[in-house]
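Hi there,

I am passing along a structure that I hope you will enjoy looking through.

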Amino acid sequence: MGSVFFLGVALSLWGPMATTYSWMWQEVQDAGHEFAVGILDISDSSFGSEWHVLRGGNQVVDLSKMIPGDARKIKATLSKGSSDLDFSYKIVARVKDIGSPGTGAAQKLEEVLRVRITEGQQEVYDGLVRDLHQDQPGISRSNGTESEFRASEGNKTFFITVYLPEEGVDHTYQSLGGELELRFLAKQATSDAIYAE
């Protein structure tokens, strides 16, 4: 009897290629996770094209020409664009080597180059550029610039001041060159959401 059963199974599997099969599975639903569907768009956000001199000589943030005490300011706008959901955001920054990478100039500059970020009259951040790094994808690590942006709000305006302190910058920093990179990161206001930048 057992051999007849196995023969039947073998013949059914040896049938025409047009045969279809249905596989069954069990679905488990977890109501503990929230998922929001909507648009997350910060593409209308911008960093100004001109740096304004607060103190010092040259008109741009030319890090190889800044001297201790020099400061430059730029306006940044965070826009929700066509976003229709609330999101969290933060500002990240780093100094990148220019020319041949790996020269170490950027890393050395980050030991002294500082950034002050204000929104209206409120100071959001004042510290070293290196503390504004994005160490991993997303916006999980706190750097003090994080906040919420409601879909009902208008644009947010920030003023970002880059400066060299008057103390602690000696001749070893002279003529070091680097490029300052500033970015907005945003993610929908749910746990483990995707992010935009």
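Predicted model: local features only at pLDDT ≥ 70, side-chain atom pairs only at ≥ 80, totals over all residues.

Let me begin with a charge over a ring: K73 lies over the face of F159, 4.9 Å from the ring centre. The term applies if NZ of Lys or CZ of Arg is within 6 Å of the ring centre and within 35 degrees of the ring normal.

Residues are numbered from 1 along each chain as its sequence is written, and side-chain values use heavy atoms, with hydrogens and water left out.

Now to the aromatic rings. The structure holds 5 aromatic pairs; rings of Phe, Tyr and Trp (its six-membered ring) pair if their centres lie within 6.5 Å, and planes under 30 degrees apart count as stacked, over 60 as edge-to-face and the rest as tilted. One of them is F47 with F184, which is stacked because the centres are 4.8 Å apart and the planes meet at 15°. F47 belongs to strand β1 (residues 46–47) and F184 to strand β9 (residues 179–188), so this pair ties together parts 137 residues apart in sequence. Strands here are DSSP runs (E, at least two residues), numbered from the N terminus.

Buried means under 20% relative accessible area, exposed over 50%, and partly exposed in between (1.4 Å probe, protein chains only).

F184 also pairs with F158: the centres are 5.9 Å apart and the planes at 45°, so this pair is tilted. F158 sits in strand β8 (residues 156–163), 26 residues from F184 in β9, and the pair links distant parts of the chain. F158 is buried, as is F184. One aromatic cluster is formed by F47, F87, Y89, F149, F158 and F184.

Finally, have a look at strand β4 (residues 87–96). Since 8 of its 10 residues are buried, β4 is largely enclosed by the rest of the structure. β4 runs antiparallel to β9, joined by 10 bridges, and V92 stands opposite R183 in β9. With strand β7 (residues 147–149), β4 is again antiparallel, through 3 bridges; there S88 stands opposite E148. Two strands pair if DSSP finds at least two bridges between them.

Best wishes

Technical notes
Helix = DSSP H or I, 4+ residues; strand = E, 2+ residues; numbered from the N terminus.
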